[in-house]
Amino acid sequence: MINLELHENYRFPFPADRMKKIPRSGIREILMAAEGRPMISFGGGVPHDSCVPLPEIRDAFEAVFTNRGARAFRYGTTEGEKELREYVASWLKGLGLQAGAGEILIVNGSQQGLDLLGKVLLNPGSTILVERPTYLAALQAFSPYEPQYDEVEMDDQGAIVESFKEKLRKVGTFFYTIPSFQNPSGVCISVKRREEIVNCLNETGCLLVEDDPYSQLYYDYPPPAPLCAMGVKNAVYLGTFSKMVSPGFRLGWIWTSNNNLMKHLITVKQAADLCTGLFQQYLLLEVLRRLDIQKHLKRNRIFYASQREKMNHYMSSHLCGLMDWNYPSGGMFFWATLKNGLHAGKLLSRCVERGVAFADGASFFAGEKDFSRLRLNFTQCTEEEMDRGLLMIAEEIRQMPIN
Ligand SMILES: Cc1ncc(COP(=O)(O)O)c(C=O)c1O
């Protein structure tokens, strides 16, 4: 264990007040405590090893050394390599979003994009409107800037628009949404709901922050066009190569057609890390040159769809009557609710002792926590692990006292 206590001679309050406002991901601490023990994990949101295009990456390494040499190890521009920004712009055009390379900032994963947006847009006390539930690590990225959160409830079509406009009027900063196969709920906002949301945003002048890592992971039908492509006046789109190629590249992007906002984002990106690593950008460009991305995505969708089926099968075999869950049409997660008022955090502690983990759902709520929720990833485990891991969860649930 690392001792985080500072020496007693240190005369200033530690840590800074803002640290108290950052929500913790409970699962990390529990897993750290269980480090070294074998663990079946339904916790993360990581692509399956077989979905990472290793042969293309290997060849790309060679090509970067041959074609770029030492130039690959310089500092790059803060905005990111022009060639990669051009690739992203043409990718976005394919989604219906008329983007130019000059409207794109390459970042170290869209996670960095969330942090930079928080830095540029939030004052202490600013209010952000988020979905209920929402992505835990977005809350972690925004919270150091000391905002308040207002939540919009969701149904299976996405954010419910009734109270939405009134909330947007009050918010003043932005609405953060993951419209396609949301993390954690798996919900994909319907076309009609997207249109309603766009109208509300335009009427109130509120800024949209659209986070879209999962739209290419659809298993039944493609999601509707991004909200940013539907005529929102004030909009930011966050994209990433993490789920399409691999999170190890740490490459994502921010798109906005607002030059003023882009200027500020570039300033804070410069302060954060000067630039995204040039080597990883060249490497990805070489991979994208070799990889038929549409074929690659199609293959991954087929694989993940079968993972989803297997997971649903073993959940039905072991967990029926113990929890309810959604059946996601895309993304990486099942979002479940324990019956009988059982506490998912307490269940998680018991399960980790047995060697199986999932994500405790409470940390995905910006407002009042719902302790009955849990998130189960289906992309990574083998069929045997699903069978064994879900059975262990069921056994632990049966042993828990009912409130
Ligand atoms: C909704 C959402 N946004 C952003 C991210 C961060 O992705 P990246 O790897 O691009 O930083 C994730 C990763 O799981 C995510 O689920």
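Ala101 is found in the loop between helix H3 (82–94) and strand S2 (104–107). Helices here are DSSP runs of H or I with at least four residues, strands are E runs of at least two, and both are numbered from the N terminus. Ala101 is buried, with a relative accessible area of 18%. Buried means under 20% relative accessible area, exposed means over 50%, and partly exposed is in between, with a 1.4 Å probe and protein chains only. Leu84 is 17 residues from Ala101 in sequence, and the two C-alpha atoms are 8.5 Å apart.

This is a predicted model, in which local features need pLDDT of at least 70 and side-chain atom pairs count only at pLDDT 80 or more, while totals for chains, interfaces and linings use all residues. Residues are numbered from 1 along each chain as its sequence is written, and side-chain values use heavy atoms, with hydrogens and water left out.

For Gln111, a polar backbone atom is 3.0 Å from an oxygen atom of the ligand. Arg250 uses its side chain instead, with a polar atom 2.8 Å from a ligand oxygen. A polar contact is a pair of N or O atoms within 3.5 Å; within protein, one must be able to donate a hydrogen and the other to accept it, and residues adjacent in sequence count only if both atoms are side-chain atoms. Taken alone, the ligand exposes 400 Å², and the protein buries 92% of that. Accessible areas come from the Shrake-Rupley method with a 1.4 Å probe, and for residues only the protein chains shown count as cover.

Arg250 has another feature. Its phi is near 50 degrees, a positive value in a residue other than glycine. Arg250 lies in the loop between strand S8 (235–240) and strand S9 (252–255). At 34% relative accessibility, Arg250 is partly exposed. Glu146 also has a positive phi, about 60 degrees, although it is not a glycine. Glu146 is in the loop between H5 and strand S4 (148–155). Its relative accessible area is 25%, so Glu146 is partly exposed.

Two peptide bonds are worth checking. The bond from Arg132 to Pro133 is cis, with omega near 5 degrees. Pro133 lies in the loop between strand S3 (127–132) and helix H5 (136–142). The bond from Asn183 to Pro184 is cis too, with omega near 20 degrees. Pro184 lies in the loop between strand S6 (172–177) and helix H7 (191–204).

Next, charge pairs. Side chains of opposite charge can pair when their charged atoms come close. A search of the whole structure finds 21 salt bridges. Each is a side-chain nitrogen of Lys or Arg within 4 Å of a carboxyl oxygen of Asp or Glu. What does Asp220 pair with? Asp220 forms a salt bridge with Arg308, the closest N and O atoms being 2.9 Å apart. Asp220 lies in the loop between strand S7 (207–211) and S8, and Arg308 in helix H10 (residues 293–319), so the pair ties together parts that are 88 residues apart in sequence. Asp220 is partly exposed, at 44% relative accessible area. Arg308 is buried, at 3%. Glu309 also forms a salt bridge with Arg308, with the closest N and O atoms 3.5 Å apart.

Arg350 forms a salt bridge with Glu396, and their closest N and O atoms are 3.1 Å apart. Arg350 lies in helix H11 (residues 344–354) and Glu396 in helix H12 (residues 383–399), so this pair ties together parts 46 residues apart in sequence. Arg350 is partly exposed at 28% relative accessibility, whereas Glu396 is buried at 7%. Salt bridges that share partners also join Arg68, Glu83, Glu286, Arg289 and Arg290 into one network.
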